[in-house]
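Dear colleague,

I am passing on a structure that may be new to you, and my notes on it follow below. Please keep it open beside this message as you read.

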2 protein chains.
Amino acid sequence: MKHPHAWLIIAGAMLFGSTLAQVATNPVKDDFKPTMTTQQGKKYPQVNSEGRVRVQLAAPQANKVQLDIGAVKYDLVKDEQGVWTGESAPQDVGFHYYQLNVDGASVPDPGSLYYYGAGRWGSGIEVPSEDMDFFALKDVPHGQLVETYYYAKSSSSNRRVYIYLPPGYDKDPSQKYPVLYLQHGMGENETGWGSQGYTALIMDNLLAEGKAKPFIIVMENSSVNFGPGGRPARPAPGQAAPANQERPNFAAEFERLLLNDLIPFVEANYRVIPNQANRAMAGLSMGGMQTRLIVMANPSLFSHIGMFSSGTFTPTDIKDIDAFKPSVKLVFMSFGGRERGASRIGEAAEAWNQIGIKGVAYVSPETAHEWHSWRRSLYQFAQLLFK
Amino acid sequence: MKHPHAWLIIAGAMLFGSTLAQVATNPVKDDFKPTMTTQQGKKYPQVNSEGRVRVQLAAPQANKVQLDIGAVKYDLVKDEQGVWTGESAPQDVGFHYYQLNVDGASVPDPGSLYYYGAGRWGSGIEVPSEDMDFFALKDVPHGQLVETYYYAKSSSSNRRVYIYLPPGYDKDPSQKYPVLYLQHGMGENETGWGSQGYTALIMDNLLAEGKAKPFIIVMENSSVNFGPGGRPARPAPGQAAPANQERPNFAAEFERLLLNDLIPFVEANYRVIPNQANRAMAGLSMGGMQTRLIVMANPSLFSHIGMFSSGTFTPTDIKDIDAFKPSVKLVFMSFGGRERGASRIGEAAEAWNQIGIKGVAYVSPETAHEWHSWRRSLYQFAQLLFK
């Protein structure tokens, strides 16, 4: 409306833009198909073999529709029926949060499944990788992903927790299990590992192949906020944990919940082996930073530590290494190959090995700061636990 | 664009329309607040004490934004910042699927939580009722809502199932439980009862008050389709089960799955009492019609029957009443008070009582064909089971 000729320009783009742009600058492989995050019965979103995401939306009266993914907005093109279609540049394999933009409104894609991330429920899309078999749904014995609630004194509230119980948990009431406390990243919540993380299927498949020991996994929300009405204290995006403060607020609040409420609840209600040798903690991104801080403050509680895309952890971070050393059995660090931290974890792992604690570095090929890196990390980490 | 003066008319409506319309024809009580289906941290959607739903969407370049709820589209009004706001007429208390419409595009509301219904994942909203305490999250012993998978020969596929285990299930490995098979409605799936149905919290609260016997609840997807690529065979909306065919396809396929795969899986993997006296079946809408057909065909399998908003069931429907009579203990029928069927179930229940089978009719006050009717129905039905 500000530029009266805009309509003419847009109309021209509608008639010719799509074909011209694709031929001239943007050859797109035409092998798009729905992906595992497309709603059953919906035709879009689709992904092609280059990793491009194609979306489609009927919006007859709209002036502009965009696909907003990976911090880039891609213009869609309207056909005669008022249906807009368009695709992104190739994306990394793995899982990406995204949204559509209709005349300035950011909305979920009505064709996608919805996930919690980036601080909201919204669209997510899976760009297929070649190694999806390890979290595929197969005819193997399946564990149980439990949703339940408990009252936490630390937060004075009833809280939701997800708990993975390995196959056979209900068969032998005399068997007890080790436990992994597994944390999500910033802007995510307790649903992440069980949903886009495919934790249950990863574990079911590992156990069916005899590649892991059976253990319980506890997934709670570590973006804890005990204050009145405010948001949890979190570092800004991309900001590391403050150097001058070993347990900043965002870890201290979850530490209190974990130690005073969550671990006691789990150990009173599930058949766990309640000792340090059989208790692990891991997390991705912010969850890994929380893991590092909480384990350093409580070395007598956890024996196996996993940090996925969460920076490095070396023996020089520990003030009293003699107290730390006898209790900790494994320090596992991982990054997506396209993350900057990937080059540093090998040396850090070696430093642990040199003082007699098993250090493992894992780099997820060709992935960035997203869930496929973390699924692969869990797959590797789980095979090393409690052995 | 078709009507060049439309912009002027719309601009006028933006400046004056909202206030005028509200004063003249549409006085709206200004006590809107976020509801339990609003995403945490989001300000909208909101509901007021009249049951009006108010939504808000930033869409600076849009020409028209609407709230689409209860089969009516309500125009929103744009402010100077390009933020559109508007509300619906008063809605019945309870749960409603809805969507937004931006320049012709039907999309989920980015501020709502998402639910599976109407054949898709999309926005749902809770219009608060006065009786929400029975499914409130409280500091009581909580059961577990289990998500797991099993291989079904009937469908030659791995299928997801949700199972509610009552509080204490893991405490006493010698205790066995009765089982209720609980079905969703048309266009819904196995997530409905555990999500918008609040099955776990309803049962936790009933059990904490000693109002129900503990039992297991199994929730699978009864919109079964074993054919290649097609949709399940379903009656059209509002259409009753065909009179000339007692087990139409939509029940026969689920019957096969239930009898040959689901019940055997549950009885092999959970501590259930595997006999007719301890096996119940119920469902809402289509799920209740399936219940009626499957129970009539298999009277030796189920003793307690629930049909929520699913028509009536009378002794005259049974061909061999002498075979049916000794085994069935309860026929429960319910409707929302605003549904047409509500007036007919009292007489039907009485007909069961007259032949010595307990018949119960329940009418949910001031609700229609939606989840609050069905939550209340489960609350009533559960108190009558296995006693």
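Two strands are taken here to pair if DSSP finds at least two bridges between them. Please bear in mind that this is a predicted model. In chain A, five strands form an open sheet in the order β1-β2-β3-β7-β6, and their pairing is antiparallel. Strands β1 (33–34) and β6 (77–78) of chain A stand at the edges with a single partner strand each, so one side of each is left without a neighbour in the sheet. Within this sheet, β3 (residues 53–58) and β7 (residues 83–87) of chain A run antiparallel and are joined by five bridges, and A:L57 stands opposite A:W84 in β7(A).

The salt bridges come next; over all chains the structure holds 27 of them. One of them links A:R54 with A:E87, where the closest N and O atoms are 2.7 Å apart; A:R54 lies in strand β3 and A:E87 in strand β7 of chain A, 33 residues apart. Because buried means under 20% relative accessible area, A:R54 at 14% counts as buried, and so does A:E87 at 13%.

In chain B, the side chains of B:R292 and B:D317 meet in a salt bridge, at 3.6 Å from N to O. This pair links distant parts of the chain, with B:R292 in helix α4 (residues 286–297) and B:D317 in the loop between β17 (304–308) and α5 (321–324), 25 residues apart. B:R292 is buried, with a relative accessible area of 14%, whereas B:D317 counts as partly exposed at 28%.

Finally, salt bridges that share partners join A:D30, A:R54 and A:E87 into one network.

Best regards

Definitions and conventions. Residues are numbered from 1 along each chain as its sequence is written. Chains are lettered from A and ligands numbered from 1 in the order in which they are written. This is a predicted model: local features need pLDDT of at least 70, side-chain atom pairs count only at pLDDT 80 or more; totals for chains, interfaces and linings use all residues. Side-chain values use heavy atoms; hydrogens and water are left out. Helices (H or I, at least four residues) and strands (E, at least two) are DSSP runs, numbered from the N terminus. A salt bridge is a side-chain nitrogen of Lys or Arg within 4 Å of a carboxyl oxygen of Asp or Glu. Buried means under 20% relative accessible area, exposed over 50%, partly exposed in between (1.4 Å probe, protein chains only).
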